[in-house]
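User: Could you walk me through this one? I'd like to start with the pockets.

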Amino acid sequence: MALDRRVFLVLLLAGCADTSPQGPLTAVAPPPPPAPKPQTPTGPAPTPQTPVPTGELSFDTWLADFRVRALAAGLSPALLDRELSGVTPDPKVISLDSRQPEFSKPVGDYVRGVISDDRVAVGRAKREQLTFLPAIEARYGVPRDILLAVWAMESAFGQLQGNFDVVRSMVSLAADGRRRAWAEGELIAALKIIDSGEVTRAQLKGSWAGAMGQTQFIPSSYRSTAVDFDGDGRRDIWSSDADSLASAANLLVKGGWKRDVGWAKEVILPAGFDYAVTEVEKQLPAWWEARGVRRADGLPWTAQDAASPAMLLLPAGAAGPAFLALPNHFAIRTYNNSTAYALGIGLLADRFAGGGPLVTPWPVETPLSLSDRMAAQIALARVGFDPGPADGVIGAGTRKALRAWQQSQRLPADGYLSNDMVARLKAQAGIAP
């Protein structure tokens, strides 16, 4: 639904592309942290309702304005004084938020990196060792292998959770302004978590973009979706494996996860297939079979899968593996709205369950530079196919425009931006190579 896995993966994969806890909580509010040390005043002493000035006019203006909105959201003046007094923007957070990779990582390279032998071995061991997994499966209907894959991807099975102060990170992103409304909402959520007494400020650690714990929940998702599965009275996604994986299951269920339905199946397409239906049609497997599409493993569809609409995905174009994505593929994407991320989760889960490699291998791809990705988007717009903003992120809008342009040129309309497609677009739009 987010290092922030959503932002990080959008940047990493640019060009490849809430509410019921298990029960009432009884956590006791911890004592407030010690008051900041007195400072030598350079002017009138601030009142208890006024944040300590930082000397940065634009930041101080934002902070004063935010205080009004935070009070309106129900936060107390005492809480704001305690948690925001002396806070300053973190330049590292602002730098990371504005960073755009020069080269996109091909989806095949990404997935191969996800499904490492070491990661598969650890996941297979944990699926046998963790005795609470069957109970989570029974309650939420999400297979243990999917949850283990999320755990592996988000925090290396809990080992890499991030050590940024979440409050300061949200302050930094909100004051910077690029994503102000979102960041202010998450800052208010983080402050409400502290105010509840459930988690202290010192415990609110996470990625630079505010994703927290073993399952990398942003503060609003923690408040609405985290669960106390081990029954100790705390929703602890930092230290409790059971709480972490049950919370991930709850998030997926809220994102539309369907019990006993698969996530996707690799398929083989017939010769002369019309690629223009890629990422467009959502039809039952029988509809696809009538058009010559067959499962790569040769097995029949389960009754539940056969009754579920599926969408064709060609993440590496016509030369790469093809997938029929079932509804649970899109539930995974509520965790992180990236096709590559959802494929990584699903394929890793399949390997945890004992599955083998794909029938059609990932092609060897040359990474596209940021300038080439942006040039392709500019070229599409110039020749009459609107891809959206020329930001270098090859998402659904760019792929849709590219398929339409490919059809107009009598090319296979797979929506895949290769170096050849970039060269063709530049030539037609009159952009220098």
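User: Which residues lie nearest the centre of the largest pocket?

Analyst: W263, L347, D350, G356 and L358 lie nearest the centre, out of 30 lining residues. A pocket here is an open set of points on a 1 Å grid over the protein atoms alone, where a 1.4 Å probe fits, with protein on both sides within 12 Å along at least five of seven lines, and lining residues have an atom within 4 Å of a point. This is a predicted model, in which local features need pLDDT of at least 70 and side-chain atom pairs count only at pLDDT 80 or more, whereas totals for chains, interfaces and linings use all residues. Residues are numbered from 1 along each chain as its sequence is written, and side-chain values use heavy atoms, with hydrogens and water left out.

User: Which element gives the largest share of that lining?

Analyst: That is α16, with four residues; helices are DSSP runs of H or I with at least four residues, numbered from the N terminus.

User: Switching topic, what is L204 in contact with, leaving aside neighbours within four places in sequence?

Analyst: Its partners include A190, I193 and I194, as well as F164 and W238, where contact means heavy atoms within 4.5 Å.

User: And which residues are buried in α10?

Analyst: Among them are A190, I193 and I194, buried meaning under 20% relative accessible area with a 1.4 Å probe, protein chains only.

User: What span should α10 have?

Analyst: At 1.5 Å times one less than its number of residues, the 17 residues (180–196) should span 24 Å, and the end C-alpha atoms are 24 Å apart, which agrees. G197 follows α10, with a positive phi near 85 degrees.

Key:
Helix = DSSP H or I, 4+ residues; strand = E, 2+ residues; numbered from the N terminus. Buried < 20%, exposed > 50% of the residue type's maximum accessible area, 1.4 Å probe, protein only.
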